Amino acid sequence: MSTEPAIDVLGDIEPQGRDDQYEPTSPWWLSGTPLESEHHRLMRRRTVHIPWTETTAEKLTDAERARLAATWMRRSEAEYLAVSTFSVLAIDLVAARAPADVLSLCLRAGIDEIRHAEMCIRMAQIYSGKQNLPPPGMSSLPDDPTRPKLHQALANTMLVSCVSETYATTVLSATRDLTTDPTAQAVLTSIYSDEVMHARLGWSYMRHAIEIGGQGVIDAAAAMLPRALRGVANVVEAERPVGEVTTAVRTHGLMTPAEERVIFSTCVREVLVPGFEALGIPVGSALDDYGDTWAHAA
Ligand SMILES: [Fe+2]
Ligand SMILES: [Fe+2]
């Protein structure tokens, strides 16, 4: 058993990268070369201790385990793609000569996403018994070489960080609240603590970009907003793995699609729209598009 207190898990974050309890998360996804030790050093940074052996997966039925394995595998695929998302965003930010702190945090976000992918892969293994990896691939971001680099960087920051990562924090927080399995709870806590910073990166850069770019930046942001919201809504609306979301499954970090719709709608209304309006960015029909009708359509 861990001697860690059950509450205040975020207090376990060690900013200097010391973590005596660290162990490779998904060793079957490593190169088998001397790079591994440096990788572990990177992965330990800001880590939340994950009590891998305290999983309560053995109490679940086969169907429940299959449902959770499929969901955590799908999450690993999304986290894996997010590595490339931040890599591409970093290129856009470099092209726009973004401030050094924005660049370093963007590149670090990519490293965080590798850690998230590793954790989700291991969670899938806990439920399936199989050491699977996400398929190869990368995400693509909108690219318009004819427009100013600042507008390109700003628009993709809005998509990736302000909208996607802000939604991620709200859905992770809600999911974590109903998760009682200690391993799933710690994994969600760890991911959540990083996603908060990934969202903050975007809102901060947005403010900076408006300060230096004025109305052109506001127009570029307003033009991207519907596309960014639709992108996340597509994920929320997507088909889920087969299998019932039982009461027990919910305690391992899973909500129903209907619940996620309500969370996205609430996030648009209470977080995203007020945030963009505070920056002077017109939000168009966002409140109507993702209001009660959309939230309860499933
Ligand atoms: Fe992530
Ligand atoms: Fe993220």
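Visitor: Which helix gives the largest share of the lining of the largest pocket?

Guide: The largest share of that lining, 12 residues, comes from one helix, a helix being a DSSP run of H or I of at least four residues, numbered from the N terminus. This is a predicted model, in which local features need pLDDT of at least 70 and side-chain atom pairs count only at pLDDT 80 or more, while totals for chains, interfaces and linings use all residues. Residues are numbered from 1 along each chain as its sequence is written, chains are lettered from A and ligands numbered from 1 in the order in which they are written, and side-chain values use heavy atoms, with hydrogens and water left out. Although α2 (62-95), α3, α4, α5 and α6 (215-237) each supply at least two residues of the lining, the largest share is that of α2.

Visitor: What is the volume of the largest pocket?

Guide: A pocket is an open set of points on a 1 Å grid over the protein atoms alone, with protein on both sides within 12 Å along at least five of seven lines, and lining residues have an atom within 4 Å of a point. Of the 42 lining residues, those closest to the centre of the largest pocket are Ala 78, Glu 79, Tyr 167, Ala 168 and Val 235. Taking volume as the space filled by probe spheres set on the points, the largest pocket has about 1,300 Å³.

Visitor: Why does the site of the iron ion (ligand 1) count as irregular?

Guide: Its donors, which are N, O and S atoms within 2.8 Å of the metal (3.2 Å for Na, K and Ca), come from Glu 79, Glu 113, His 116 and Glu 195 at 2.0 to 2.3 Å. Water is not among the atoms, so sites may look incomplete. The site is irregular because its angles run from 83 to 140°.

Visitor: Which residue coordinates both iron ions?

Guide: The iron ion (ligand 2) is coordinated by Glu 113, Glu 165, Glu 195 and His 198, at 1.9 to 2.5 Å. Glu 113 lies in helix α3 and His 198 in helix α5 (residues 182-213), so the pair ties together parts that are 85 residues apart in sequence. The two iron ions are 3.4 Å apart, and the residue that coordinates both is Glu 113.

Visitor: Is Asp 112 buried or exposed?

Guide: Asp 112 is in helix α3 (residues 100-128) and touches Arg 45, Asp 194 and His 198, not counting residues up to four places away in sequence, where contact means heavy atoms within 4.5 Å. Buried means under 20% relative accessible area and exposed over 50%, with partly exposed in between (1.4 Å probe, protein chains only). At 1% relative accessibility, Asp 112 therefore counts as buried.

Visitor: How much space lies in the second largest cavity?

Guide: A cavity is a set of grid points where a 1.4 Å probe fits but cannot get out, the points being joined across faces, edges and corners. Asp 112 and His 198 are among the residues that line the second largest cavity, to whose lining α3 gives the most, with four residues. The space in the second largest cavity is about 30 Å³.

Methods
Tetrahedral: all angles 85-135°; square planar, octahedral: opposite > 155°, others 65-115°.
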